[in-house]
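Reader: I have a model open and want to read its packing. Can we take it piece by piece?

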Amino acid sequence: MFTLAEVASLSDIQPTYRILKPWWDVFMDYLAVVMLMVAIFAGTMQLTKDQVVCLPVLQSTVNSRVQPDTAGKADFTTVETTTGQEEASMRTVSFAPTVTPDIFLSRATSSQYQPTESDQELKKEQKDSSGRKTNLDFQQYVFINQMCYHLALPWYSKYFPYLVLIHTIILIVSSNFWFKYPKTCSKIEHFVSILGKCFESPWTTKALSETACEDSEENKQRLTGAQSLPKYVSTSSDEGSPSASTPMITKSGFKFSADKPMIEIPSVTILDKKDGEQAKALFEKVRKFRAHVEDSDLIYKLYVGQTVIKTVKFIFILCYTANFVNTISFEHICNPKVEHLIGYTQFECTHNMAYMLKKLLISYISLICVYGFICLYTLFWLFRIPLKEYSFEKVREESSFSDIPDVKNDFAFLLHMVDQYDQLYSKRFGVFLSEVSENKLRGISLNHEWTYEKLRQHVSRNAQDKQELHLFMLSGVPDAVFDLTDLDVLKLELIPEAKITAKISQMTNLQELHLYHCPAKVEQTAFSFLRDHLRCLHVKFTDVAEIPAWVYLLKTLRELYLIGNLNSENNKMIGLESLRELRHLKILHVKSNLTKIPPNITDVAPHLTKLVIHNDGTKLVVLNSLKKMTNVAELELQNCELERIPHAIFSLSNLQELDLKSNSIRTIEEIISFQHLKRLTCLKLWHNKIVSIPSSITHIKNLESLYLSNNKLETLPAAVFSLQKLRCLDVSYNSIAVIPVEIGLLQNLQHFHITGNKVDVLPKQLFKCVKLRTLSLGQNCITSIPDKVSQLLQLTYLELKGNCLDRLPATLGQCQLLRKSGLVVEDHLFDTLPSEVKEVLNQDTGIPFANGI
């Protein structure tokens with residue numbers, strides 16, 4: 001027995017797939033049901049009532065048939081298919097010989113011969129009975145009936161119901177095979193499931209409703225002859241495709257309908273968080289389903305194949321049925337060849353189901369003809385239009401989603417099939433193929449999650465004491481960001497669909513923007529604002545093509561930081577429209593893998609004051625472009641695998657600071673050429689492989705800062721100490737063992753760093769540098785600190801940690817500006833100081849700490 005739940009589940013199968021069954025499939029299903037009923041009815045009648053009744057043909061009857069009267073001859077060897085009246089007349093003709101032959105025979109014989117005694121007996125018998133005895137008993141009649149049923153009755157009369165049943169089952173299977181084939185049923189089930197969810201999704205209703213409102217508003221403005229709206233279209237979006245992130249544009253458009261009440265676009269459906277998440281999941285499902293189905297046309301081929309099979313089946317049934325329809329007759333002649341058992345050689349039989357079977361067969365042929373014509377129409381539909389392509393052109397015209405892509409192969413065929421049911425399905429389904437629609441949904445969900453209050457909690461102050469907001473891995477830029485009017489720095493990282501709307505014009509304090517792997521799109525009004533107000537821009541990218549084109553049109557930009565891949569193949573692409581439009585650019589920072597300085601950088605060279613190139617270890621070979629940068633005051637070439645100081649640098653007459661950190665420089669003999677750079681005050685050669693300092697360094701008269709840390713120096717030449725303007729000397733992490741006594745000549749020295757060397761004795765001349773504020777002596781071999789350290793009255797930072805000291809001099813207390821926070825020593829050494837000195841060092845005078853690095 002079936003449970004009620006199982007029976008109910010069967011009724012749900014057809015509604016699930018009804019949207020994929022066009023009218024011809026539905027009609028053919030009904031025809032198949034009728035043909036199935038015909039087969040069942042005919043089979044039932046045949047099983048219950050089908051029989052053949054036979055009578056022997058007597059010899060005298062046969063003789064009477066061979067009389068020369070051709071007009072009254074009855075031919076039983078042929079069977080004609082006639083109408084009801086013809087059959088009745090035929091029955092009269094056929095029965096007359098069987099009932100009256102003896103009478104005619106007796107009359108003929110009586111006229112020729114005299115009646116005998118036997119004839120008189122025969123006449124007496126005929127008066128007593130209506131026919132002639134055959135001397136056959138009941139069992140013999142049963143035997144003959146069964147024999148003649150199989151011998152005389154045509155095979156089609158016996159198996160017609162079963163053939164109809166088999167053909168109908170084949171047609172039913174053929175019609176539904178594409179729903180059950182393993183390689184297609186999963187795709188169809190998935191498609192129907194997604195289509196149903198897309199049709200019922202609240203997001204679909206909201207998106208289409210907003211589209212309808214937008215269209216009605218545009219029509220209204222068009223009818224009233226209002227002025228055209230200014231187009232604030234993103235430089236990277238399609239024209240005429242407004243998104244949810246353009247509120248200012250929409251509002252500005254309402255001002256033009258003055259005489260009539262303003263129509264606001266209502267929020268027809270307010271999506272809660274659950275609806276939004278479901279819609280996001282649907283977008284992802286549709287995207288994956290499209291990628292999975294569009295690569296093949298198996299469903300289309302299978303449907304065409306089963307339609308062809310049904311058409312061939314129809315032709316086959318019609319051809320052979322037409323040949324056998326005439327074989328169904330009421331009367332048949334049977335010659336069973338059992339004369340030795342019965343005594344008769346020929347029998348005349350009647351088939352009681354002949355009339356009914358003929359009527360059913362005619363009905364079946366009619367149904368098959370209708371079925372076949374529908375199959376032919378289906379083939380015409382399949383090949384009349386390219387069903388492997390589907391265009392959402394009408395949907396794009398009727399909605400604002402102009403980016404709905406055309407689909408192909410099985411995906412297109414399924415949508416064509418759905419259109420036969422209801423085109424509204426395709427329209428609502430197209431919403432989930434549109435990136436504009438998806439972006440709108442993301443924007444709505446994003447704005448619900450990131451409110452003004454939540455964003456305000458994420459605002460912090462950076463090292464420059466500016467208000468900064470960092471947004472990371474969001475689906476877009478929340479609208480509430482543009483309400484933070486006091487924001488100074490905005491960082492957008494890993495936001496692929498970032499869009500800067502016209503509302504950014506409210507952020508009058510915004511001067512610095514960071515775009516990390518974020519190819520942001522801007523509206524025209526937003527671009528105008530950024531062009532006039534933005535001063536600093538950081539762009540981090542994977543490929544140079546990701547840099548937004550509008551970046552190179554920011555005419556008032558002062559600082560540009562480019563971080564990403566700029567290999568030799570893409571060097572020519574940097575700038576796209578080149579950097580020549582950045583006429584106010586002063587600082588250009590490039591962190592990449594350059595092999596040469598891009599020629600486009602020279603377009604802005606005349607007004608650059610600082611150029612920074614940080615390579616990832618790629619060797620920078622071509623540096624001739626540097627000669628054109630005559631106004632550059634700061635130049636950094638870090639990690640560029642330079643082995644010598646580039647000669648092009650010596651042409652930079654305005655150069656003030658040179659940083660060649662993290663290269664492979666071994667010798668700096670070219671340093672003598674720096675004497676032509678009269679403004680050079682800072683030279684950074686740290687993190688290289690320099691083994692000695694040439695005496696020609698004395699020619700750099702104006703040098704104030706010299707950084708030689710992390711090299712391979714073993715000595716400090718006296719020439720270094722002839723640089724009277726030197727204020728900062730950093731030789732940390734080398735192999736220097738002795739501090740020359742000439743150090744006392746550096747009366748302007750304020751910062752001296754010799755950490756991580758092999759110094760064991762501090763010369764007394766060091767303490768003649770009374771302007772020292774920072775003194776780093778850590779990680780050496782120093783055994784004692786002279787008491788003359790008290791002469792360093794401006795000392796604020798003293799590093800002694802990592803030496804061989806056993807005590808600290810008590811005169812440290814005379815260093816008026818030194819505090820415990822600026823004294824870097826081991827705790828046990830600090831405890832060796834007298835208590836009054838500790839108290840002095842523990843005082844907090846509020847003097848800011850500065851280490852000079």
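Reader: Which residues point one way from strand S2, and which the other way?

Author: This is a predicted model, where local features need pLDDT of at least 70, side-chain atom pairs count only at pLDDT 80 or more, and totals for chains, interfaces and linings use all residues. Residues are numbered from 1 along each chain as its sequence is written, and side-chain values use heavy atoms, with hydrogens and water left out. In a regular strand the side chains alternate between the two faces of the sheet. S2 covers residues 331-334, and its residues are all buried (under 20% relative accessible area; exposed is over 50%, partly exposed in between, with a 1.4 Å probe and protein chains only). One way point Glu331 and Ile333; the other way, His332 and Cys334.

Reader: What is the order of the strands in the open sheet?

Author: Strands are DSSP runs of E, at least two residues long; helices are runs of H or I, at least four, and both are numbered from the N terminus. Two strands pair if DSSP finds at least two bridges between them. S2 and S3 (residues 347-351) run antiparallel and are joined by four bridges. The edge strands are S1 (52-56) and S2, each paired on one side only, and the order is S1-S3-S2.

Reader: Which residue in S3 is the bridge partner of Cys334?

Author: Elsewhere along this pair, His332 stands opposite Cys349. For Cys334, the partner in S3 is Phe347.

Reader: How do helices H9 and H14 run, roughly parallel or roughly antiparallel?

Author: Two packed helices are described by the angle between their axes and the distance between the axes. H9 (residues 155-180) and H14 (residues 298-324) pack at about 165 degrees, axes 9 Å apart (axes are lines fitted to C-alpha atoms over the stretch in contact; angles run from 0 to 180 degrees between N-to-C directions). Angles over 145 degrees count as roughly antiparallel, under 35 as roughly parallel, 65 to 115 as roughly perpendicular and the rest as oblique. Therefore H9 and H14 are roughly antiparallel.

Reader: Thr184 lies in helix H10. Is Thr184 buried or exposed?

Author: Thr184 touches Trp178, Leu298, Ile299 and Leu302, leaving out residues up to four places away in sequence (contact means heavy atoms within 4.5 Å). Its relative accessibility is 1%, so Thr184 counts as buried.
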